[in-house]
Amino acid sequence: MSRTAEPALAAGGGERPASARRGRPMSRDRVERAALRVLKPLVIAVFVAVTAFPFLYMVMLSVRDIQELILDPGSLWPRRLTLDTYADVLDRQGFLTFMRNSAIVAVASVVVTLLISIPGAYAVARLRFFGHRQVHFLFLSVYLFPAIVLAIPLFVLFTMMGLRGSLLGLILVYIAQTVPVTVYMLRNYFETVPRSVEEAAAIDGCTRLSTIWRVVLPLSKPALMATGLYVFMIAWNEFLFALLFLVERRESWTVSLGLSQLAGSIEIPTTVLMAGSVVLTLPIVIVFFASERLLTEGLTAGAEKG
Amino acid sequence: MSLTLQKQEGRAGLALISPTLVITLVVVVLPLLWAVMLAFQNVRLINIRSKGLFGGYTLENFRYVLSEPGFWPALVNTLIYTVAGTALSIAVGLVAALALRERFKGRTLVRASILIPYVAPVVAVAFLWETMLNPQYGIVNTWLSQPIAFLSQAKGTFLGMEVPVALLTVIAFEAWRYFPFAFLFILARLQALPADLEEAAVVDGATPTQRFRYVIMPQLWRIVALLAVLRFVFTFTKFDDVYLLTGGGAGTEVVSVRVYNFLTSRDDIGAAAAQAIVLAVVLVVFLALYLRFFAGGEREQNR
């Protein structure tokens with residue numbers, strides 16, 4: 001086994017002359033397979049290291065004193081664990097307020113986006129109305145349209161209306177940016193709900209709205225959760241609009257904005273800011289892995305229905 | 001009877017979709033039209049009320065913006081950053097997807113680990129990179145014999161060649177952060193590929209690299225092409241990553257960062273809008289070229 005691995009690495013993926021291939025038809029195959037057997041775990045290990053190590057470093061840095069980092073920047077494990085960094089960042093630097101702001105923005109965006117996109121998605125999935133074919137084009141263009149172009153008029157508008165510094169304006173922008181995508185996501189799911197179920201509800205005397213409420217929504221719970229969490233992630237992570245609209249009022253900062261603004265200051269120790277990064281990242285990682293499972297569950301549930 | 005039902009359906013459909021349309025119209029479409037108008041007006045935050053929506057149109061902003069010495073280097077940077085970032089993230093994503101294609105113990109965990117850079121907030125990961133690459137206390141620099149200021153050094157020598165250090169670092173960040181996006185799409189496609197083609201290739205004696213070259217890759221071109229378009233569009237106008245990592249300094253200034261600076265520090269709305277419009281137009285031109293070129297290639301493949 002190990003004997004074949006050696007020349008395999010030397011041969012790599014390089015093409016060999018056709019004559020050699022014809023002469024010993026199985027040998028190149030065996031060499032390549034052996035090479036892959038060695039290379040694959042190696043590649044996977046590199047990927048895990050490159051993606052997981054920075055986040056491990058983030059956590060490790062957040063639980064030590066800044067002195068330790070300055071004196072011994074190369075060590076990964078802290079010599080003395082401390083949670084003072086978290087107390088400092090949450091309380092003194094105001095991350096608790098930032099988290100409250102982020103939570104308000106994210107939750108409000110999720111709720112309103114769902115309220116708007118559920119009827120919209122239902123209409124696109126089920127009803128033939130004037131222009132229902134063109135709607136997709138509109139959504140796609142909103143999805144692809146550069147935020148930096150949109151930022152200019154909204155910045156001017158919000159300045160003129162005195163909406164800068166208020167979370168309301170930010171929520172509005174997040175809703176507008178996510179609604180097209182959520183309509184699209186929900187539409188795909190609504191289309192899998194059998195029409196016959198809806199027709200039965202209509203015969204039982206349900207109006208269209210109550211059919212959506214009582215029949216379609218309960219059947220699409222996983223899709224609703226996944227869509228809601230998607231909006232939550234966008235709203236929690238967003239930076240450009242938060243920077244443009246909120247930067248002048250510290251008490252309205254979101255966590256993303258707060259970290260980016262404090263990262264430039266010299267007075268706050270890096271380890272304290274790392275604690276802030278953990279605080280910023282953790283909710284999203286949790287939400288993402290929760291929604292991933294939901295998404296797959298939703299898909300398999302759809303498969304069972306046939 | 002059927003006609004009124006149809007009418008009713010149409011009316012209900014419009015009623016249900018109208019909140020969606022209203023918010024996209026008010027917060028996206030109308031502001032965009034306004035952005036175009038602003039690009040042709042000589043406006044600043046101070047004089048905007050007196051200027052009015054219409055009239056006073058001029059090409060002055062475009063003339064000014066295009067003649068600024070910083071604009072063209074920024075456009076070139078944007079292009080290098082976008083092409084390199086797109087290509088790298090897709091290539092790395094492809095390798096990751098191929099490596100994780102077959103089941104193995106712990107695959108779910110590896111997959112989760114790979115997705116984190118893409119999911120984590122950009123502000124947090126940018127700060128993390130800044131700290132790791134810091135010349136004084138960054139862990140990466142403790143591994144090197146001589147510390148490198150990755151994010152604040154415009155030029156450096158590597159193997160006797162002059163290289164744009166900060167720009168390459170920003171590109172590496174882009175690849176690192178967005179390869180999971182390509183990975184997700186390509187892996188999904190790989191797992192949906194029919195097995196019989198590859199089995200037939202194995203029976204015919206195709207080696208793993210031959211199977212990849214002649215069986216797997218031809219079935220992946222479509223998704224790779226789609227990813228290329230998506231990543232190109234997103235990266236070309238990206239603001240967050242470069243702004244957070246370098247602030248546009250050390251030879252990494254891209255057009256979107258310029259737009260932001262014109263808008264906030266220079267308070268020149270007209271010039272900012274003009275630059276954003278130029279950026280969008282260049283993007284559309286590149287997309288049109290690409291689609292034309294690619295659509296041609298597609299037809300050839302089908303033949």
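Visitor: Which residues of chain A does UniProt list for "domain: ABC transmembrane type-1" (unreviewed entry)?

Guide: This is a predicted model, in which local features need pLDDT of at least 70, side-chain atom pairs count only at pLDDT 80 or more, and totals for chains, interfaces and linings use all residues. Residues are numbered from 1 along each chain as its sequence is written, while chains are lettered from A and ligands numbered from 1 in the order in which they are written. UniProt positions follow the numbering used here, feature names are shortened, and annotations may be inferred rather than shown by experiment. For chain A, the unreviewed UniProt entry assigns this domain to residues 99–291.

Visitor: What percentage of residues 99–291 of chain A is helix?

Guide: Helices (H or I, at least four residues) and strands (E, at least two) are DSSP runs, numbered from the N terminus. The end C-alpha atoms of residues 99–291 of chain A are 21 Å apart.

Visitor: How far apart are the end C-alpha atoms of residues 75–290 of chain B?

Guide: In chain B, UniProt lists residues 75–290 for "domain: ABC transmembrane type-1" (unreviewed entry). Here the chain is 73% helix and 3% strand, with an end-to-end C-alpha distance of 18 Å.

Visitor: How far apart are the end C-alpha atoms of residues 12–40 of chain B?

Guide: The unreviewed UniProt entry gives the feature "transmembrane region" for several spans of chain B, including residues 12–40 and 112–129. Residues 112–129 are 89% helix and 0% strand, with end C-alpha atoms 20 Å apart. Residues 12–40 of chain B are 97% helix and 0% strand, and their end C-alpha atoms are separated by 40 Å.

Visitor: How many residues of chain A does the contact between chains A and B take?

Guide: Two residues are in contact if their C-beta atoms, placed from the backbone, lie within 7 Å. Chain B contributes 60 residues, and the number from chain A is 76.

Visitor: Which helix gives the most to the side of chain A that touches chain B?

Guide: That side comprises 56 nonpolar, 13 polar and seven charged residues. In this classification Ala, Val, Leu, Ile, Met, Phe, Trp, Tyr, Cys and Pro are nonpolar, Asp, Glu, Lys and Arg are charged, and the others, Gly among them, are polar. With 16 residues, the greatest contributor is H3(A).

Visitor: How many residues does domain 2 of chain A give to the contact with domain 1 of chain A?

Guide: Chain A is divided into domain 1 (2–62) and domain 2 (85–305), with bounds from an automatic or database domain assignment. Domain 1 supplies four residues to the contact, and the number supplied by domain 2 is six.

Visitor: What is the radius of gyration of chain B?

Guide: The C-alpha atoms of chain B, which has 13 helices and two strands, fill a box of roughly 80 × 75 × 40 Å along the principal axes. The radius of gyration is taken over C-alpha atoms, and the globule rule is 2.2 Å times the number of residues to the power 0.38. A compact globule of 303 residues would be near 19 Å, but the value for chain B is 24 Å.

Visitor: Which helix of chain A is included in what covers the buried residues of H5(B)?

Guide: A residue is buried if 20 or more other C-beta atoms lie within 10 Å of its own, exposed if 12 or fewer, and partly exposed in between, with C-beta atoms placed from the backbone. In H5(B), the buried residues include B:Val110, B:Ile114 and B:Tyr118. Their cover includes H4, H6 and H8 of chain B, together with, from chain A, helix H3 (27–62).

Visitor: Does B:Asp267 count as buried or exposed?

Guide: B:Asp267 lies in the loop between H12 and H13 (269–302) of chain B, and its phi is positive, near 60°. Most residues other than glycine have a negative phi. Because B:Asp267 has 12 C-beta neighbours inside 10 Å, it counts as exposed.

Visitor: Why does B:Ala250 count as buried?

Guide: B:Ala250 is in the loop between H11 (240–245) and H12 (255–264) of chain B, with a positive phi near 55°. It counts as buried because its C-beta neighbours inside 10 Å number 21.
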